[in-house]
Amino acid sequence: MHVRILPVAGAIGLSVMLAVAPVKAATPSNMVVMAWQIDELISLDPAEIYEFAPAELAANFYDRVVYYDIASPNEMKGGAAESWTISDDGKTFTFKIRDGVKFHSGNPLTAEDVAWSMQRVVKLDKGPAFILTGFGLSKDNVEQKVRATDARTVVFETDKAYAPTFVLNCLGSWVSSVLDKKTVMANEKNGDLGGAWLKTHEAGSGPFTLNLLKANEMVMLDAFEGYWRGAPKIKRVALRHVPESAPQRLMLEKGDADVARDLGPDDLDVLAKNPDIKIRKIPQGMIYYLGLNQKNPNLAKPEVIEALKWLIDYKGIEKNILRETKIPHQTFLPSGFFGALDDTPYTLDVEKAKALLAKAGLPNGFKVTMDVRNTYPTADIAQIIQATWAKAGIQLEIIPGDNKQTLTKYRARQHDIYIGRWAPDYLDPHSNAQGFAWNPDNADDSSNKLLAWRNAWDIPQYTGMTEAALAEKDPAKRKAIYEDMQRQFLKVSPFVIMFQDVAVLAERKNLQGFEHGPNFDVIYYRNMTK
């Protein structure tokens, strides 16, 4: 779908309305405005998206093969596919594609669009491609393994039998977004399968179309009147980039915004007393952590890795910075996930950390840098860490940047320490195990660029355990593998895992139906009303 650029006068008028509305202002009744941090919008292409905000947008632009129902996230529902069957050997999934679905362009959604969209993810082999290539798909075989056999049938073949729930969970993520092949290929350049165009456009069949995209400023979506599950009642959704908590609160109080999504505890305390505002808290799978690049010789020392885990004031940060928006958590599987271990052995212990640094040959500490997203709460947490580490002689230089800058540097393995957040790509423990504890190729040009690789952690032992857990069919044995991995991981991994997220939404009381699931790509605008 082409982006419609607002006429100059209209754009200015809207900007003024949203930015300096009078004290008693309210957003239009058919429009929802969200104040949110959206500085990480690198691309809208589902084959390239690997950030939270664009994945949420994809959930509203596109239909997926199957999808999670927020009311019952353990049960997959039919999306573009109305039904499916699984072969007796567990290796062939046959999807019946829903009839009568139209793309935003007016083109009909066909089995060819579904198969081509998944083929495209594998052929482009960008960030999220591993979600599909993990099933034995490659550039060479994907057209044979994922194919349309008629106008309404798609066959998806895996290299071996996996738990059906695992396969469907992966196909319920944003990488199975169905693209309008005709529209995308009409915008192809130099064999890029429309990749350059899709960075700033969409070609979906979902409940919303893209109206306006301004980097680090605003994204505007319009309701798609032809949506097969019924047109959204709200006709327009505007996401405004508001990096700080206090301005988000002020916008919500004044009626310039209907939702504020990045509020700190002090602002939440104020809003809790406002009768016009309601606050919701939704447990999330997202984890906050430090990634220690093993290319830095000091950070590669086991004693230093352990020392840094004793040099985090977990309770102090929670009490003073995060209060109720995150909970302490130190293992790679989020609490509530199958196989999760809720052990939290580390507390702030400066003397123990000093002893470990001395044992590492660094009794006076060392200098190191940390790349930090320059927004709440990441920047605030980093400052507290900086002050705490100074007590052990560690001189931490904070390098601030917007999320695009810090992520790009992190993904190139050019950091010392990165303070980041990670959410499962799909609702199965393999997602986080693969992210944190799997690195089959530690070379700089490896095609696997997940968290262990980004931190140059060469781990054949844990890579093997991750793959064994995925192959284990006995749930009890699988659970035991994950628990064992996490116990070992707590001591030796170059990840200082600190907190698990709680999504805290502050909304005007007249807003209903903003559906926020347990993960970043399960967030839907379709049923919102005011």
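What pLDDT does the chain average, and what share of the residues score at least 70?

Author: This is a predicted model. Its chain averages a pLDDT of 91, and 95% of the residues score at least 70. Over residues 1–23 the pLDDT is below 50; beyond near neighbours in sequence, that stretch has 45 contacts in the model.

Now the salt bridges. The structure holds 31 of them. Side chains of opposite charge can pair when their charged atoms come close.

D39 sits in the loop between β1 (31–36) and α2 (52–61), while R373 belongs to strand β14 (residues 367–373); the two are 334 residues apart, so distant parts of the chain are linked. D39 is buried, with a relative accessible area of 2%, and R373 also counts as buried, at 5%.

K326 and D501 form another salt bridge, at 3.0 Å from N to O. Here strand β13 (residues 326–328) supplies K326 and strand β17 (residues 495–508) supplies D501, 175 residues apart. Both K326 and D501 are buried.

In a further pair, R478 meets D428, with the closest N and O atoms 2.9 Å apart. R478 and D428 are both buried.

Finally, E48, K126 and K199 are linked in a network of salt bridges.

Note on methods: Residues are numbered from 1 along each chain as its sequence is written. This is a predicted model: local features need pLDDT of at least 70, side-chain atom pairs count only at pLDDT 80 or more; totals for chains, interfaces and linings use all residues. Side-chain values use heavy atoms; hydrogens and water are left out. pLDDT is the predictor's confidence in each residue, from 0 to 100. Contact means heavy atoms within 4.5 Å. A salt bridge is a side-chain nitrogen of Lys or Arg within 4 Å of a carboxyl oxygen of Asp or Glu. Helices (H or I, at least four residues) and strands (E, at least two) are DSSP runs, numbered from the N terminus. Buried means under 20% relative accessible area, exposed over 50%, partly exposed in between (1.4 Å probe, protein chains only).
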